[in-house]
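The questions below work through one structure element by element. Each answer ends on the value or name that was asked for.

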4 protein chains.
Amino acid sequence: MGSGDERVAGSYKSPQGRVLRAQGRRTLRRLLDAGLEAFATRGYHAVRVDDIVREARTSHGTFYLYFANKEELLRSLAIECAQRYEDLATQDPPIEQFVADFFAIYERYGPVIRAWMENAVNDREVNRLGVEAFTHIATTLGERLHRVGAPHDPATVGSLMALLERSAYYAVAAGTAGRDASSVATIVQRGYFAVGV
Amino acid sequence: MGSGDERVAGSYKSPQGRVLRAQGRRTLRRLLDAGLEAFATRGYHAVRVDDIVREARTSHGTFYLYFANKEELLRSLAIECAQRYEDLATQDPPIEQFVADFFAIYERYGPVIRAWMENAVNDREVNRLGVEAFTHIATTLGERLHRVGAPHDPATVGSLMALLERSAYYAVAAGTAGRDASSVATIVQRGYFAVGV
Amino acid sequence: MGSGDERVAGSYKSPQGRVLRAQGRRTLRRLLDAGLEAFATRGYHAVRVDDIVREARTSHGTFYLYFANKEELLRSLAIECAQRYEDLATQDPPIEQFVADFFAIYERYGPVIRAWMENAVNDREVNRLGVEAFTHIATTLGERLHRVGAPHDPATVGSLMALLERSAYYAVAAGTAGRDASSVATIVQRGYFAVGV
Amino acid sequence: MGSGDERVAGSYKSPQGRVLRAQGRRTLRRLLDAGLEAFATRGYHAVRVDDIVREARTSHGTFYLYFANKEELLRSLAIECAQRYEDLATQDPPIEQFVADFFAIYERYGPVIRAWMENAVNDREVNRLGVEAFTHIATTLGERLHRVGAPHDPATVGSLMALLERSAYYAVAAGTAGRDASSVATIVQRGYFAVGV
DNA sequence: AATGAATGAGCGTTCATTCAT
DNA sequence: CATGAATGAACGCTCATTCAT
């Protein structure tokens, strides 16, 4: 979950469609990481392209070589983030691990997720990605509740998602993501999965 | 800055310390409601002062007769909202009613609350108001959990607050606040207050 | 304030600390000259940034690439002007030449000097520059009076400075700076430097 | 030379032409004095109508009952001031008294005079008033120089006016008008009126 | 592939002036 | 006569995006 070693999901092209060589890929990665950093520090809206390029130690011109606009940078990050959550839903690990992973992804991609939550972006695709990823997670959790015979109506599942998202938000804000994950896992276990008690 | 050379922000006509007559009070109310409406529609950041004055059917200049800037309008709304939550915490009604009221307030003041959550505002006072109001609610709920012998450690209370806030958020977004309140009340009852079961 | 939420004035692209290439230096020079021209025509206060950029045949945005605001443009010009007067004080040429040079500098930088005189600017540094430059001149003249044995008490030196400044002002306004310089030089010679006559 | 007991030159009408009763005259006087005060404190340009009406403890609406606009207030003050200087020129007292009176008028009407000097106002009449009053003074002084056989060419007379005006300006700014007047009178005596010495 | 420079639409805010009571 | 309220044109400044090298 470190920063800087990721790779644009499944391609060596810039979002613009240009084919990238090694140097280009490094610049792209720098911009993505800088965006994440900047969004985390100031929030998506308050971030100016200038913040990003300064953080990435490159120029305005270069930014627009890789992204058509600021929103497209967010979209690229959203794709990465959605992929992580899709993976998590697919793996479907034990609840303790599940929450830990959920928090870890949130820790890295928090600003992107909040941009989803806040409907901050006028971009159908970005929002759809977020909804899909979270729906996938929700469905997976719903099925798991079903399997153990616990209540799994939409409202319940929704409340579980709310709990996860907000807890992650506050934990990350407080810098206690690692610690809090296991106590949230316990709450989830007791509050949602414990049946016949 | 405007065309004047230097002046303490808002000292012209001092928006805050004016005694208002009937007409003034009506205009102020129109602006507050317009702000709420506009924030709800587009989100605090995206709202232009122009949106607000158009909605309130008044002029740009008039806006600045009542508020030093957009943020101060938010602050006024925040004060109103915090008061509602303080009242709710003080009344401390049965859980069903509690959730219903929580949702009702959220329905009206959602944008303000989200501005708190998102730390959208660089205003210590606004954020403090939000934190205080929610803390008061949390404390009240914590004591209630304590009374019935249920777990009431900070993490648990925090998760309950997260649950309430996010559920309200989604319910309002989906336009199902009225309906969802009672099902969330049930979840809260079962998940947090049911003991010894 | 602009549409952004908060930011230290001028930190975007930091107008001051940039290294300029040839093109940038040309634009900067154009803006400085345009400022001088505009200040001369309409006076510092009445000048709109728009006047300056139109004169410099550039854009609003470009102006703020080079100066944080109108006042900073004035400051830059003030630095240039103060330097000229410092040089004059240092050279300390014969009185005829001295007055001619004084008038010539005034002809170019008049608006800046008047901004000093009128305390038009809320900028300690700008005013300090003006005071220092004129004090240097005054000191130099005072020493010269001393050398020839003429009265050189502060009030006398002050009156001499007032005479020079106002004469230059009126001469420039009347477009007779070249001509008037020598007649003022004569007055100064007779009125202040002629002793024991 | 006190403040508050003056009367609009030669009439009991407002500049608008309305006939004023006692209360109206008091309000008018309050506005004029407030204008003088405000101009002195912040300079003509920086003063807002709001400053004036607050100082005069009256309202915006009332201001425009007495003056068509801010400039007309300045014009009214300019008329008062010009009248004082005309009186001084007509009386033509001994030089010591002359300078003292010149400084005293400057002390009260400084901001108005500076508005003349700086051509701050786009009002021909105001500027003409200033020029006429000062020209009258200059002519009077020129004739007096002529009488004693001293040089009285335009440049000399101009330099004398410059000396008086700037000296008054600095003396008032420094709060030493009373004291400085006599030392300036000495300089004037020696530098301009002493002949054959 | 990269960059410094330029652009201008857009927004916040001010304040002289007018209006209704 | 007096006043609080309202107005909107005008201006300063920002920053996403494009351009020329």
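Predicted model: local features only at pLDDT ≥ 70, side-chain atom pairs only at ≥ 80, totals over all residues.

Q: Which helices of chain B cover the buried residues of H6(B)?
A: Residues are numbered from 1 along each chain as its sequence is written, with chains lettered from A and ligands numbered from 1 in the order in which they are written. Helices are DSSP runs of H or I with at least four residues, and strands are runs of E with at least two, numbered from the N terminus. The cover over the buried residues of H6(B) includes H4 (70-91), H5 (95-117) and H7 (154-174) of chain B.

Q: Which residues of H6(B) are buried?
A: A residue is buried if 20 or more other C-beta atoms, placed from the backbone, lie within 10 Å of its own, exposed if 12 or fewer, and partly exposed in between. In H6(B) the buried residues are B:Val126, B:Leu129, B:Gly130, B:Ala133, B:Ile137, B:Leu141 and B:Gly142.

Q: What distance separates the end C-alpha atoms of H6(B)?
A: The expected span of a helix is 1.5 Å times one less than its number of residues. H6(B) covers residues 124-147, so its 24 residues should span 34 Å. The distance between its end C-alpha atoms agrees, at 34 Å.

Q: Which residue with a positive phi follows H6(B)?
A: The phi in question is near 80 degrees. The residue is B:Gly149.

Q: Is C:Thr41 buried or exposed?
A: C:Thr41 sits in helix H1 (residues 22-42) of chain C. Because C:Thr41 has 12 other C-beta atoms within 10 Å, C:Thr41 counts as exposed.

Q: Which residues touch the most other members of the largest nonpolar core?
A: A nonpolar core is a set of buried Ala, Val, Leu, Ile, Met, Phe, Trp, Tyr and Cys residues joined through C-beta atoms within 7 Å. The largest one has 112 residues. Another core, of 110 residues, lies apart from it and includes A:Ile105 and B:Cys81. In the largest core, the residues touching the most other members are C:Val112 and D:Val112.

Q: Which helix gives the most to the side of chain A that touches chain B?
A: Residues are in contact if their C-beta atoms, placed from the backbone, lie within 7 Å. The contact takes 18 residues from chain A and 20 residues from chain B. H7 (154-174) and H8 (177-193) of chain A each supply at least two residues of this side. With ten residues, the one that gives the most is H7(A).

Q: How many of the residues of H7(A) are buried?
A: H7(A) reaches 30 Å from its first C-alpha to its last, close to the 30 Å expected. The helix is mostly covered, and its buried residues number 15 of 21.

Notes
Contact = placed C-beta atoms within 7 Å.
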